[in-house]
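Hi,

Here is the structure I said I would pass on. Have a look at it first, and then read my notes below.

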Amino acid sequence: MGKIAVVGSLNMDVSYRVAHIPAPGETILAQGVAKNPGGKGGNQAVAAAKMGAGVSMIGLTGDDADGEALRRSLAGAGVDTAFVGRCGEPTGTAFICVSDAGENNIVVHAGANACVDARALAEADACLRAAEMCVVQLEIPHETAWQALRRCRELGVFTVLNPSPACPVPDSVLRGLDLLVPNETEMEALLPGALDLDALPGYAREKGVRRILMTLGDKGCCLATAEGVRRFPCTPVRAVDTTGAGDTFLGALCAMLAEGRALEEAIAIAQRAAAWAVARPGAQQAMPCRENIL
């Protein structure tokens, strides 16, 4: 079992290359189509494993060809798949448009991810007890995500929440959270109103979150604790495809923290990993290996 347990989604990505993101009611022709393993949980697990971490994935696929392809991709990156189960629903699917400018929009059908429940967590409890860090996102049922974080808090496991897709998070889940990693949209769902970086330390104090690391796209990221805010500029790069960039950043960050690096150093390495990924098409296949970055 790995030091990092990832509780989350596993999707097959169907990506369409387009000149621009279509507007409502607009029909455009795709320049190409590709099918690749994805899902926020799977992406973050692969990104961490490719950076050298021991990682176990907890999730569900359908009993179908896409599910088998996802298992092969995880295992090929070095992720332990002993706790990736099967259910009667089809494997989750994400439909992605990627523009010539590297921007994307994504529609996800949860499929088997919607079946990740208390029973799935109970069957993976040995994995959570063995972990030093647990990473959770929100493409699985929210109550399951909250339960995983609460269980890991009981066990003394370092907890990381990527609140994506954006939604409110209960105060009982935020209190005592070790690391919250939202993007700007996700932070606005947690802190409604005009987003002010200077308001983040007060939010951290109020909610009991130890650290907030907010990603800012091509503006880098900022780290907020109860004491203040620090800005980190991004690594300059020409974006080809931003799909999975945030997952690459988070996976690499957790891998570096798991091996004992200081948070500031881990952030710098994670930014280099994300820059590597966005300069290449796709999600998991674009993620760097350790030797590409270190």
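Let me start with Glu-186, which sits in helix α7, residues 184-190. Keep in mind that this is a predicted model. Glu-186 has a relative accessible area of 6%, so it counts as buried, the cut-off being under 20%. What does Glu-186 touch, leaving aside residues up to four places away in sequence? The list is Asn-162, Pro-163, Ser-164, Ala-166 and Val-181. With Ser-164 there is also a side-chain to side-chain polar contact, at 2.9 Å. Arg-272, on the other hand, is 86 residues from Glu-186 along the chain, and their C-alpha atoms are 22 Å apart.

Once residues up to four places away in sequence are set aside, Asp-178 touches Val-157, Phe-158, Thr-159, Arg-210 and Arg-211. The side chains of Asp-178 and Arg-210 form a polar contact of 3.1 Å.

Then there is Glu-259, in the loop between α9 and α10. Buried or partly exposed? Glu-259 is partly exposed, because its relative accessible area is 37% and the buried class stops under 20%. Its side chain makes a polar contact of 2.9 Å with the side chain of Arg-290. Lys-3 is 256 residues away from Glu-259 in sequence, yet C-alpha to C-alpha the two are 9.3 Å apart.

Now the nonpolar side. The largest nonpolar core has 45 residues, and the members touching the most others are Ile-4, Val-55, Leu-213 and Leu-253. At least two residues each come from the strands β1 (4-7), β4 (55-62), β8 (133-136) and β12 (221-225), and from the helices α1 (40-50), α2 (65-76), α9 (245-258) and α10 (263-278). The top contributor is α9, with eight residues. Nonpolar side chains tend to be buried together in soluble globular proteins.

Cheers

Technical notes. Residues are numbered from 1 along each chain as its sequence is written. This is a predicted model: local features need pLDDT of at least 70, side-chain atom pairs count only at pLDDT 80 or more; totals for chains, interfaces and linings use all residues. Side-chain values use heavy atoms; hydrogens and water are left out. A nonpolar core is a set of buried Ala, Val, Leu, Ile, Met, Phe, Trp, Tyr and Cys residues joined through side-chain atoms within 4.5 Å. Buried means under 20% relative accessible area, exposed over 50%, partly exposed in between (1.4 Å probe, protein chains only). Helices (H or I, at least four residues) and strands (E, at least two) are DSSP runs, numbered from the N terminus. A polar contact is a pair of N or O atoms within 3.5 Å; within protein, one must be able to donate a hydrogen and the other to accept it, and residues adjacent in sequence count only if both atoms are side-chain atoms. Contact means heavy atoms within 4.5 Å.
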